[in-house]
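Here is a quick look at aromatic contacts and backbone angles in one structure. Have the model open while you read.

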Amino acid sequence: QVQLVESGGGLVQTGGSLRLSCAASGSISSGYVMGWYRQAPGKQRELVARIASGGNTDYAESVKGRFIISSDNAKNTVYLQMNSLKLEDTAVYYCNARRGTLSLQYGVIFWGKGTLVTVSP
């Protein structure tokens with residue numbers, strides 16, 4: 001069973017940067033798509049970015065050009081580098097993992113407990 005723990009959230013001003021980390025207890029070197037999702041108060045959880053085991057990525061339109069997802073398979077860790085932060089980026093950010101590729105996933109979805117990112121004026 002995969003366990004995910006997020007870290008790196010905090011308070012940052014608009015235009016600033018922050019890097020989130022997601023440490024996985026199991027291997028993410030093969031067979032898994034790792035993703036970052038976020039949920040703002042009163043809103044539904046939404047996809048931010050994903051990375052497949054082969055290195056392919058995709059992003060929500062709202063973060064393209066600003067956020068970068070990456071992974072360090074040796075450390076079983078996924079990162080989300082967030083740049084040019086905006087007020088609307090304020091949310092709890094969740095890491096998730098599921099077997100498959102970017103185009104097709106299957107099986108159990110694993111979630112972390114989340115880390116809060118607050119962007120101030």
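## Arginine over the rings

Arg45 lies over the face of Trp111, with 4.6 Å to the ring centre. Keep in mind that this is a predicted model. Arg45 also has its charged end over the ring of Tyr94, 3.7 Å from the centre of that ring.

Trp111 is partly exposed, with a relative accessible area of 35%.

## The aromatic cluster

Now for the rings themselves. A pair of aromatic rings is described by the distance of the centres and the angle of the planes. How many aromatic pairs does the structure hold? There are two. One is formed by Tyr37 and Trp111: edge-to-face, 5.2 Å centre to centre, with 70° between the planes. This pair links distant parts of the chain, since Tyr37 belongs to strand S4 (residues 32–39) and Trp111 to strand S10 (residues 105–111), 74 residues apart.

Tyr94 and Trp111 make an edge-to-face pair as well, at 6.4 Å centre to centre and 90° between the planes. Why does this pair tie together separate parts of the sequence? Tyr94 lies in strand S9 and Trp111 in strand S10, so the pair joins parts that are 17 residues apart in sequence. Put together, Tyr37, Tyr94 and Trp111 form one aromatic cluster. Arg45 comes back into the picture here, with its charged end over the Tyr94 ring and its position over the face of Trp111.

On to the backbone. Most residues other than glycine have a negative phi. Which way does the phi of Asn76 go, positive or negative? Asn76 has a positive phi of about 50°, although it is not a glycine. You'll find Asn76 in the loop between strand S7 (67–72) and strand S8 (77–82). Asn76 counts as buried because its relative accessible area is 19%, and the cut-off is under 20%.

Ser84 is not a glycine either, and has a positive phi of about 50°. Ser84 is placed in the loop between S8 and strand S9 (91–100). Is Ser84 buried, partly exposed or exposed? Ser84 is partly exposed, with a relative accessible area of 42%.

Note on methods. Residues are numbered from 1 along each chain as its sequence is written. This is a predicted model: local features need pLDDT of at least 70, side-chain atom pairs count only at pLDDT 80 or more; totals for chains, interfaces and linings use all residues. Side-chain values use heavy atoms; hydrogens and water are left out. Helices (H or I, at least four residues) and strands (E, at least two) are DSSP runs, numbered from the N terminus. Buried means under 20% relative accessible area, exposed over 50%, partly exposed in between (1.4 Å probe, protein chains only). Rings of Phe, Tyr and Trp (its six-membered ring) pair if their centres lie within 6.5 Å; planes under 30 degrees apart count as stacked, over 60 as edge-to-face and the rest as tilted. A charge sits over a ring if NZ of Lys or CZ of Arg is within 6 Å of the ring centre and within 35 degrees of the ring normal.
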